[in-house]
Number of protein chains: 2
Amino acid sequence: MSKQELSIIDAGLDAAAGACCAPLACGPLSESEAAELAPLFKAIADPVRLRLLSLIACHEGGETCVCDLTAAFDLTPPTISHHLKVLKRAGLIDSERRGTWVYYWIKPAVLARMSALIGPVSPALAGTEGFPIAADVVMGRPVPDSPPC
Amino acid sequence: MSKQELSIIDAGLDAAAGACCAPLACGPLSESEAAELAPLFKAIADPVRLRLLSLIACHEGGETCVCDLTAAFDLTPPTISHHLKVLKRAGLIDSERRGTWVYYWIKPAVLARMSALIGPVSPALAGTEGFPIAADVVMGRPVPDSPPC
DNA sequence: CGACTGATTCGACGATCGTCTAATCAAGCC
DNA sequence: GGCTTGATTAGACGATCGTCGAATCAGTCG
């Protein structure tokens, strides 16, 4: 059930990323692209989910038992379960039941694409192309000098 | 008015980024770090604001008149104004009145740091599904090539 | 000054969100 | 089979969010 959601997401991201070198900074996002991208950011736009994500991401072995996650918060198990569901529906994590316990792991692909969208250029390209934003980041003001695409 | 908010944000980001080489994937976010980071993502977790941001970011000259922005949506001026305010309060954009018109421009620094937080790893790894994030060099981050946490 | 245009603030409305308790499902063990 | 433990689902509640119309503020120009 989360599969087609994922494909939709991927399609959207591909569209957004494929159009130009620096998705956000270059091509104005279309209405539909924005509509597909926004839920991804909404999924991580919560302190609890942000911490959940980082707990899962940094756990050795790459996966984390739910019991370990609930223990890290002052919230009730249902609440944690709810947040995990939100993250999973967004395609940021996946899970599997093994015996009594359920394990969650992170899916870095979507996260990386979100990162690439906001951080104007993918890290790999950054070195070769001298992309604007990385350079003028330091200053508050925009530097209108270079046309990205 | 937005000044102290900004400093708070910067402090939070510095704390989050300074603690470790790969914020999300390495150090489990503290409660307070998550509390300061989440609003940043919430600010862009809306289709309209995402489009606003991209419209401003990709506009030639680096700044955009509000009138151009409202024209790009089916929403009323007050609504656009509201979204711009949200983005500004988050520290993602700034504005200035010049005569009759108000111009907005993007502040790439915060955006770049958000990007670094969620996508701290090279995209090569991102393609492979499933496993954790080897924390390595980040795009813009001045990570001293020191111990990977 | 007074009218006009562009942008924001104010209040109100329905919709969504985050959290909880209670109930249910899943697997292991007496 | 019947407990026990771990995790999720269901339903309810208050809080926050996105949008609007109306009113207000800021400049410009007759």
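Axes are lines fitted to C-alpha atoms, for helices over the stretch in contact, and angles run from 0 to 180 degrees between N-to-C directions. Helices (H or I, at least four residues) and strands (E, at least two) are DSSP runs, numbered from the N terminus. The structure is a predicted model, in which local features need pLDDT of at least 70 and side-chain atom pairs count only at pLDDT 80 or more, while totals for chains, interfaces and linings use all residues. Residues are numbered from 1 along each chain as its sequence is written, and chains are lettered from A and ligands numbered from 1 in the order in which they are written.

Two packed helices are described by the angle between their axes and the distance between the axes. In chain B, the axes of helix α3 (residues 47–58) and α5(B) come within 10 Å and cross at roughly 75°; α3(B) and α5(B) are therefore roughly perpendicular to each other, a term that covers angles of 65 to 115 degrees. The residues that meet (contact requires C-beta atoms, placed from the backbone, within 7 Å) are B:V48, B:R49, B:L52 and B:L53 in α3(B) and B:H83, B:L84, B:V86 and B:L87 in α5(B). By class, this contact of α3(B) with α5(B) comprises six nonpolar, one polar and one charged residues, where Ala, Val, Leu, Ile, Met, Phe, Trp, Tyr, Cys and Pro count as nonpolar, Asp, Glu, Lys and Arg as charged, and the others, Gly among them, as polar.

In chain A, helix α3 (residues 47–58) and α5(A) have axes that come within 10 Å and cross at roughly 75°, and α3(A) and α5(A) are therefore roughly perpendicular to each other. Here A:V48, A:R49, A:L52 and A:L53 of α3(A) make the contact with A:H83, A:L84, A:V86 and A:L87 of α5(A).

Helix α5 of each chain also contributes to the surfaces near the DNA strands, a residue being near a strand if its C-beta atom, placed from the backbone, lies within 6 Å of it. Around DNA strand C there are 25 residues, of which A:P78, A:G99, B:V66, B:C67 and B:P78 come nearest. At least two residues of this surface are supplied by each of α5 (77–89) of chain A and α4 (66–71), α5 (77–89) and β3 (101–106) of chain B, with α5(B) giving the most, six residues.

DNA strand D is likewise surrounded by 25 residues, the closest being A:C67, A:P78, A:S81, B:P78 and B:G99.

Definitions and conventions: Angles under 35 degrees count as roughly parallel, over 145 as roughly antiparallel, 65 to 115 as roughly perpendicular and the rest as oblique. Two residues are in contact if their C-beta atoms, placed from the backbone, lie within 7 Å.
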